[in-house]
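Morning, everyone. Please have a look at the chain on the screen.

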Amino acid sequence: METILLNIQAKIESAGIKYVDEDWGQLNLFPGDTPVQFPCCLFDITDGNFENIGQDRRLTPKERQMGRFSVELCIANTKLSNTSGRAPISQKLGAWSIHSVIRSVHDQLQGFSPDENCSKLNRKSYKKIRRDDGIQEYRIVYDFEASNV
(Lines give C-alpha, C1' and ligand atoms only; values in the text may rest on other atoms or scores of the structure.)
Protein backbone atom coordinates (compact mmCIF):
# COMPACT_ATOMS: atom_id res chain seq x y z
CA MET A 1 0.00 0.00 0.00
CA GLU A 2 2.89 2.36 0.70
CA THR A 3 3.92 2.41 -2.97
CA ILE A 4 0.35 3.08 -4.05
CA LEU A 5 -0.02 5.98 -1.59
CA LEU A 6 3.35 7.48 -2.56
CA ASN A 7 2.49 7.29 -6.27
CA ILE A 8 -0.91 8.91 -5.72
CA GLN A 9 0.71 11.64 -3.65
CA ALA A 10 3.30 12.34 -6.35
CA LYS A 11 0.57 12.52 -9.01
CA ILE A 12 -1.47 15.00 -6.92
CA GLU A 13 1.64 17.10 -6.28
CA SER A 14 2.19 17.34 -10.03
CA ALA A 15 -1.10 19.29 -10.18
CA GLY A 16 0.63 22.17 -8.36
CA ILE A 17 -1.15 21.86 -5.00
CA LYS A 18 0.66 23.66 -2.16
CA TYR A 19 0.11 20.95 0.47
CA VAL A 20 -0.49 17.24 -0.18
CA ASP A 21 -0.56 14.82 2.75
CA GLU A 22 -2.31 11.89 4.37
CA ASP A 23 -5.67 12.91 5.82
CA TRP A 24 -5.41 12.41 9.57
CA GLY A 25 -7.94 15.08 10.50
CA GLN A 26 -5.86 18.23 10.03
CA LEU A 27 -8.87 20.37 9.05
CA ASN A 28 -10.99 19.30 12.02
CA LEU A 29 -8.54 18.77 14.89
CA PHE A 30 -7.11 22.27 14.99
CA PRO A 31 -9.96 24.81 14.67
CA GLY A 32 -8.65 28.17 13.52
CA ASP A 33 -5.06 26.94 13.25
CA THR A 34 -4.98 24.14 10.68
CA PRO A 35 -1.47 22.74 10.06
CA VAL A 36 -1.73 22.94 6.25
CA GLN A 37 -1.09 25.43 3.47
CA PHE A 38 -3.97 26.26 1.15
CA PRO A 39 -5.01 25.02 -1.30
CA CYS A 40 -4.46 21.54 0.07
CA CYS A 41 -5.30 17.98 -0.83
CA LEU A 42 -5.50 15.45 1.99
CA PHE A 43 -6.06 11.84 1.03
CA ASP A 44 -6.10 8.26 2.24
CA ILE A 45 -7.42 4.83 1.34
CA THR A 46 -10.71 4.77 3.21
CA ASP A 47 -12.30 1.49 2.18
CA GLY A 48 -11.26 -1.90 0.87
CA ASN A 49 -12.95 -5.21 0.07
CA PHE A 50 -11.22 -8.43 -0.88
CA GLU A 51 -12.11 -11.62 -2.72
CA ASN A 52 -10.07 -14.77 -3.12
CA ILE A 53 -8.77 -15.42 -6.64
CA GLY A 54 -6.87 -18.69 -6.10
CA GLN A 55 -3.47 -19.90 -5.01
CA ASP A 56 0.09 -19.35 -6.11
CA ARG A 57 2.35 -21.77 -4.24
CA ARG A 58 5.45 -19.78 -5.21
CA LEU A 59 4.34 -16.71 -3.22
CA THR A 60 3.65 -15.91 0.41
CA PRO A 61 0.85 -15.89 1.32
CA LYS A 62 -0.20 -18.63 -1.09
CA GLU A 63 -3.84 -17.55 -1.13
CA ARG A 64 -4.10 -14.62 -3.58
CA GLN A 65 -6.75 -11.94 -3.45
CA MET A 66 -8.21 -9.12 -5.51
CA GLY A 67 -8.78 -5.92 -3.56
CA ARG A 68 -11.23 -3.15 -4.42
CA PHE A 69 -10.30 0.13 -2.77
CA SER A 70 -11.57 3.68 -2.38
CA VAL A 71 -9.24 6.67 -2.09
CA GLU A 72 -10.91 9.72 -0.59
CA LEU A 73 -9.49 13.15 -1.37
CA CYS A 74 -10.23 16.19 0.73
CA ILE A 75 -9.53 19.26 -1.37
CA ALA A 76 -9.75 22.49 0.59
CA ASN A 77 -9.03 26.19 0.26
CA THR A 78 -9.80 29.31 2.23
CA LYS A 79 -12.72 31.40 1.06
CA LEU A 80 -12.03 35.01 1.88
CA SER A 81 -14.34 36.78 -0.57
CA ASN A 82 -17.93 36.51 -1.68
CA THR A 83 -19.51 35.38 -4.92
CA SER A 84 -22.69 37.40 -4.82
CA GLY A 85 -24.21 38.80 -8.00
CA ARG A 86 -22.86 42.28 -7.23
CA ALA A 87 -19.31 41.21 -6.39
CA PRO A 88 -16.59 42.17 -8.88
CA ILE A 89 -15.72 39.38 -11.32
CA SER A 90 -12.11 39.22 -10.07
CA GLN A 91 -13.41 38.61 -6.55
CA LYS A 92 -15.76 35.87 -7.79
CA LEU A 93 -13.01 34.10 -9.72
CA GLY A 94 -10.77 34.07 -6.65
CA ALA A 95 -13.58 32.73 -4.47
CA TRP A 96 -14.34 29.93 -6.93
CA SER A 97 -10.70 29.01 -7.60
CA ILE A 98 -11.09 25.74 -5.67
CA HIS A 99 -12.93 24.34 -8.69
CA SER A 100 -9.86 24.79 -10.90
CA VAL A 101 -7.81 23.02 -8.18
CA ILE A 102 -10.30 20.13 -8.21
CA ARG A 103 -10.14 19.98 -12.01
CA SER A 104 -6.31 19.96 -11.98
CA VAL A 105 -6.23 17.09 -9.49
CA HIS A 106 -8.86 15.17 -11.47
CA ASP A 107 -6.89 15.65 -14.69
CA GLN A 108 -3.94 13.96 -13.00
CA LEU A 109 -5.78 11.11 -11.25
CA GLN A 110 -8.56 10.00 -13.59
CA GLY A 111 -7.20 7.01 -15.50
CA PHE A 112 -3.93 6.91 -13.51
CA SER A 113 -2.72 3.48 -12.34
CA PRO A 114 -0.86 3.88 -9.02
CA ASP A 115 1.01 0.57 -9.30
CA GLU A 116 1.69 -2.18 -11.84
CA ASN A 117 -0.81 -4.48 -10.10
CA CYS A 118 -3.55 -1.84 -9.98
CA SER A 119 -6.35 -0.81 -12.27
CA LYS A 120 -6.76 2.82 -13.21
CA LEU A 121 -8.32 5.27 -10.76
CA ASN A 122 -11.93 6.06 -11.57
CA ARG A 123 -13.88 8.91 -9.95
CA LYS A 124 -16.88 7.63 -8.00
CA SER A 125 -18.31 10.53 -5.96
CA TYR A 126 -18.06 14.26 -5.28
CA LYS A 127 -19.44 16.03 -2.22
CA LYS A 128 -19.25 19.54 -0.77
CA ILE A 129 -18.72 19.68 2.99
CA ARG A 130 -20.46 22.56 4.76
CA ARG A 131 -18.16 24.31 7.23
CA ASP A 132 -18.43 27.39 9.42
CA ASP A 133 -14.76 28.42 9.52
CA GLY A 134 -14.10 30.00 6.11
CA ILE A 135 -12.67 26.84 4.56
CA GLN A 136 -14.14 25.43 1.36
CA GLU A 137 -13.96 21.65 1.43
CA TYR A 138 -14.85 19.02 -1.15
CA ARG A 139 -14.59 15.25 -0.77
CA ILE A 140 -13.92 13.27 -3.94
CA VAL A 141 -13.66 9.47 -4.03
CA TYR A 142 -11.77 7.43 -6.63
CA ASP A 143 -11.96 3.64 -6.86
CA PHE A 144 -9.35 1.15 -8.07
CA GLU A 145 -8.59 -2.56 -7.90
CA ALA A 146 -5.35 -4.29 -6.99
CA SER A 147 -4.58 -7.91 -7.84
CA ASN A 148 -2.33 -10.41 -6.10
CA VAL A 149 -2.51 -8.65 -2.75
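Let's start here: is Y138 buried or exposed? Keep in mind that this is a predicted model. Y138 is buried, because its relative accessible area is 7% and the cut-off for buried is under 20%. Now its partner. Y126 has 43% relative accessibility, so Y126 counts as partly exposed.

On to the rings. A pair of aromatic rings is described by the distance of the centres and the angle of the planes. The structure holds 4 aromatic pairs.

Now the helix. Helix α1 runs over residues 2-13, which is 12 residues. From first C-alpha to last, α1 reaches 16 Å, close to the 16 Å expected at 1.5 Å a residue.

Which residues of α1 are buried? They are I4, I8, Q9 and I12. These four cover an arc of only 130° around the axis, so they lie on the same side of α1. An α-helix has 3.6 residues a turn, so residues three or four places apart point the same way. On the other side of α1, E2 and L6 are exposed.

What do the buried residues of α1 pack against? Their contacts are β1, β2, β3, α4 and β5.

Note on methods: Residues numbered from 1 in each chain as written. Predicted model: local features only at pLDDT ≥ 70, side-chain atom pairs only at ≥ 80, totals over all residues. Heavy atoms only, no water. Phe/Tyr/Trp six-rings, centres within 6.5 Å; stacked < 30°, edge-to-face > 60°. Buried < 20%, exposed > 50% of the residue type's maximum accessible area, 1.4 Å probe, protein only. Helix = DSSP H or I, 4+ residues; strand = E, 2+ residues; numbered from the N terminus. Expected span 1.5 Å × (residues − 1). Arc of directions from axis to C-beta. Contact = heavy atoms within 4.5 Å.
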